[in-house]
Amino acid sequence: MSDATTLPTTRDEDWRYADGDALAAFAPQAFDVWKDVTLAPGEARTKVLVLDGTSPELHRVRLTVGEGARAAIFAINTGTDYLRLEVEVHLAKGAHFEFGGVLLGGSGTQEFVTRVLHAEPEASSNQTVRSVQWGRSIGNFLGRIEVAQGAQKTDAAQNFKAMLLEAGATANAKPELEIFADDVKCAHGAAIGALDETAAFYMAARGLPPETARKLLIRAFVADAFAAMDDAEQAAALLDTALGALGDAG
């Protein structure tokens, strides 16, 4: 990008839920900055990200996963202004990509954007994103799965759920599937709602204080994003970090 006319705006589909003022404030070169990561055939790698910026931030990752390799990203986004994590993934034969993400905010816009290309047969991917919003915050997930022609035996799943703790909070989802192979298993789902008051009442009726019931429900909701982590202690620590960001809202 060489000039301001090429800057993305909220009229662009990939940026439709972004903070327009924040986008206009970035220098044009910020949108050309990507972190390129390549996994060799058979390699396994996990990355944990805790993103908690207080000013507009873009984090953009291009991930190439070699044959039979396994890549996983687990991320918490608690940015209080506009914070976007964007991940592009290219999967070779038999490769796997796992993404577990949590959006949390009482202000600002927290955003995950993923594009996963199943370029060759027998690859798999799974994405689980949970969003907890309160105040005037906005949680966004834009997830695209592409299955190339000939990428048979693809197994791809994507699941987004948002919990709005207060009126005024917002969540947006834009799941997409583009499939050019016929022997595949692909699914996506999105749901946005409030805290399950029926479950909270059920727990309170059995002696749990309302605040404890609320915390347990939110904890279980957020924990879904880290269920695929191999290291249970690391998953528990990451969950505690996420819940700590809730503060009084939790």
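Among contacts in the protein between residues at least 6 apart in sequence, what percentage join residues at least 24 apart? The share is 83%, where a contact means heavy atoms within 4.5 Å.

## Model and confidence

This is a predicted model, in which local features need pLDDT of at least 70 and side-chain atom pairs count only at pLDDT 80 or more, while totals for chains, interfaces and linings use all residues. Residues are numbered from 1 along each chain as its sequence is written, and side-chain values use heavy atoms, with hydrogens and water left out.

The average pLDDT (the predictor's confidence in each residue, from 0 to 100) is 93 for the protein, and 97% of the residues score at least 70. Over residues 1–5 the pLDDT is below 50, and this stretch has 7 contacts in the model beyond near neighbours in sequence.

## Overall architecture

The protein contains 4 helices and 12 strands, assigned as DSSP runs (H or I, at least four residues, for helices; E, at least two, for strands) and numbered from the N terminus. The C-alpha trace spans about 55 × 40 × 30 Å along its principal axes.

Of the 250 residues, 44% count as buried, a class defined as under 20% relative accessible area, with exposed being over 50% and partly exposed in between (1.4 Å probe, protein chains only).

## Around Ala204

Ala204 lies in helix α2, which covers residues 197–205, and is partly exposed at a relative accessible area of 31%. Its C-alpha atom is separated by 9.5 Å from that of Arg214, 10 residues apart along the chain.
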